[in-house]
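Biologist: Could you walk me through the pockets here, and then we can look at a hairpin?
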Amino acid sequence: MEQDWHSGHFSCHNCDISLTGHRYILKEEQPYCIKCYEEMFANTCEHCSGKIGTDSKDLSYKDKHWHEKCFNCAGCKTPLVDRPFASKEEQLYCADCHDNTFAARCDACGEIFRAGMKKFEYKGKNWHESCFCCMVCKEPIGNKSFIPREEEVVCVACYEEQFAQRCMKCQGVINKGGVTYKGDPWHRECFTCTNCDTQLAGQKFTSRDDKPYCAECFGELFAKKCCQCSKPITGIGGTKFISFEERHWHSSCFNCYRCNESLVGRGFLTREMDILCPTCGR
């Protein structure tokens, strides 16, 4: 205080009451009596709306003020002086009340996620690390891979053991790709000709007694033979053929024995094992 006053002139800047021998407070280098200072400058308590006088401790947080006795948790009313707290919706809460009221909860156990806990999130749900478990073996998934099944998750080992498709030939798990034949799954490399083991995925094939065969093996083993060229008539790919009295021809082979004219859709004559057009058969 750099200014000097005569003792008779040392008075409150607001009400002019003499301050000689009385307590006072300087505000912007002007003296005020305690009453005027509290009325004009004291902060208002957020809880009780009363003035925070000079004899009270003024506790502040984010430009708001409280009496020490009013600085309490909005939930359990526990004093927050020298304790951790958090604000929510303009209210102050102790750590326990804040967590119990506002913290996210585990979708498995219903308990809250406390500070420092790992939280696993999947499809809008949250789990504690110890609660994010395989639906089969109940072991925590942790950082391992998993497969979703309905509303739960399954570790890879359990999924392969209980749910994965298995190849009809080797019984191994089909992880990707694969071929379906007559409703059954196969590895691409396992779906082979029953006779020669040629891979059939992406190739033309046919079946006999529910077993797959490549076109070549099926023709050699089961197909009728053309009377002209002696090659199999498989019917694969829409191959056309003609049958007459237990004999068979490819459409392209059904020709007159003498003039080689096609007899498909025409009348013909037979002479022993030969077929002839009406002209050559006269």
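Biologist: Which residues lie nearest the centre of the largest pocket?
Modeller: Bearing in mind that this is a predicted model, the largest pocket has a lining of 17 residues, and those nearest its centre are Trp127, Cys133, Glu151, Glu152 and Val153. Two elements, E8 and strand E10 (152-155), each give two or more residues to that lining.
Biologist: And how does that lining divide by class?
Modeller: The lining of the largest pocket has 10 nonpolar and 7 charged residues, with no polar ones, and the space in this pocket comes to about 320 Å³.
Biologist: OK, what about the second largest pocket, how much space lies in that?
Modeller: The second largest pocket holds about 260 Å³ of space, and its lining includes Glu46, His47, Trp66, Cys70 and Cys73. Strand E4 (64-67) and strand E6 (91-94) are the elements that give two or more residues to this lining.
Biologist: What sits between the two strands?
Modeller: There are 2 residues between the strands of this hairpin, and lysine 123 takes a positive phi near 55°.

Technical notes
Residues are numbered from 1 along each chain as its sequence is written. This is a predicted model: local features need pLDDT of at least 70, side-chain atom pairs count only at pLDDT 80 or more; totals for chains, interfaces and linings use all residues. Side-chain values use heavy atoms; hydrogens and water are left out. Two strands pair if DSSP finds at least two bridges between them. Helices (H or I, at least four residues) and strands (E, at least two) are DSSP runs, numbered from the N terminus. On a 1 Å grid over the protein atoms alone, a cavity is a set of points where a 1.4 Å probe fits but cannot get out, and a pocket is an open set with protein on both sides within 12 Å along at least five of seven lines; lining residues have an atom within 4 Å of a point. Grid points are joined across faces, edges and corners, and a volume is the space filled by probe spheres set on the points. Ala, Val, Leu, Ile, Met, Phe, Trp, Tyr, Cys and Pro count as nonpolar, Asp, Glu, Lys and Arg as charged, and the others, Gly among them, as polar.
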